[in-house]
Amino acid sequence: QVQLLESGGGLVQTGGSLRLSCVASGINFRVEHMAWARQVSGGSRESIATITGIGSTNYASSVKGRFTISRDNAKKTVYLQMNSLKPEDTGVYYCATVTRPPYWGRGTQVTVSS
């Protein structure tokens, strides 16, 4: 049974930082490509960062230069370091496997106040 458990969301002021974590179980984590996605109010879910099993990364233009995705294969954990946060970053952040179909976590709320 695949489980992805996100944590680290919360309320932060504009310009602040948060680090999200996602612990995976039930998958061969070392070889899985992983992603962070978010869903802002009234919008669709969008992928914002991906990381391959060997650590190659890719980012959406909306977060590039501010967010960093990383992973610790020994801990079966993927991280999202978010800096210089803006109110438009507010939303629910999800961890997912890059598989067809993907597995999703339940999400963690991030709120950036202006």
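Me: How many bridges join β9 to strand β10 (residues 108–113), and in which sense do the two strands run?

Reply: Strands β9 and β10 are joined by 3 bridges and run antiparallel. Within this pair, Tyr93 stands opposite Thr108 in β10. Please keep in mind throughout that the model is predicted.

Me: Which strand pairs with β9 over 6 bridges?

Reply: That strand is β4 (residues 34–39), and its pairing with β9 is antiparallel. Trp36 has Cys95 in β9 as its bridge partner, and Gln39 stands opposite Val92 in β9.

Me: Where do these strands stand in the order of their sheet?

Reply: A sheet is read by listing its strands in spatial order. Here the order is β2-β10-β9-β4-β5-β6, an open sheet of 6 strands with mixed pairing. The edges are β2 (10–13) and β6 (57–59); each has a single partner strand, so one side of each is left without a neighbour in the sheet. On average, neighbouring strands of this sheet are turned by 30 degrees against each other, direction ignored.

Me: Why may β9 be described as largely enclosed by the rest of the structure?

Reply: The reasoning begins with a cut-off: a residue is buried when its relative accessible area is under 20%. In strand β9 (residues 91–97), 6 of the 7 residues are buried, so the strand is largely enclosed by the rest of the structure.

Me: Is Thr97 buried or exposed?

Reply: Thr97, which is found in strand β9, has a relative accessible area of 3% and is therefore buried. The side chain of Thr97 also takes part in polar contacts. One is with the side chain of Thr99, at 2.8 Å.

Me: Which residues is Thr97 in contact with, leaving aside its neighbours within four places in sequence?

Reply: The residues in contact with Thr97 are Leu4, Ile27, Glu32, His33, Met34, Pro102 and Tyr103.

Me: Which strands make up the open sheet of 4 strands, and in what order?

Reply: The order is β1-β3-β8-β7, and the pairing is antiparallel. At the edges stand β1 (3–7) and β7, each with a single partner strand, so one side of each is left without a neighbour in the sheet. Neighbouring strands of this sheet are turned by 15 degrees against each other on average, direction ignored.

Me: How many bridges join β7 to strand β8 (residues 77–82)?

Reply: There are 6 bridges, and the two strands run antiparallel. Along the pair, Phe67 stands opposite Met82 in β8, Ile69 has Leu80 as its bridge partner, and Ser70 has Tyr79. The two strands form a hairpin with 4 residues between them, and Lys76 in the turn has a positive phi of about 50 degrees.

Me: How many bridges join β8 to strand β3 (residues 18–25)?

Reply: Strands β3 and β8 are joined by 6 bridges and run antiparallel. As one example, Val23 has Thr77 in β8 as its bridge partner. Strand β8 is mostly covered, with 5 of its 6 residues buried.

Me: Which residues form the covered face of β7, and which form the uncovered one?

Reply: To read the faces of a strand, follow its residues along each side. In β7 the covered face consists of Phe67, Ile69 and Arg71, while Thr68, Ser70 and Asp72 make up the uncovered face.

Me: What is the nearest side chain of opposite charge to Arg71, and how far away is it?

Reply: For a salt bridge, a side-chain nitrogen of Lys or Arg must lie within 4 Å of a carboxyl oxygen of Asp or Glu. The nearest side chain of opposite charge to Arg71 is that of Glu32, 7.4 Å away; Arg71 is buried yet has no salt bridge.

Notes:
Residues numbered from 1 in each chain as written. Predicted model: local features only at pLDDT ≥ 70, side-chain atom pairs only at ≥ 80, totals over all residues. Heavy atoms only, no water. Buried < 20%, exposed > 50% of the residue type's maximum accessible area, 1.4 Å probe, protein only. Lys, Arg positive; Asp, Glu negative; His and termini not counted. Pairing = 2+ DSSP bridges. Axes fitted to C-alpha atoms, helices over the stretch in contact; angles between N-to-C directions. Polar contact = N/O pair within 3.5 Å; in protein donor to acceptor, adjacent residues only side chain to side chain. Contact = heavy atoms within 4.5 Å.
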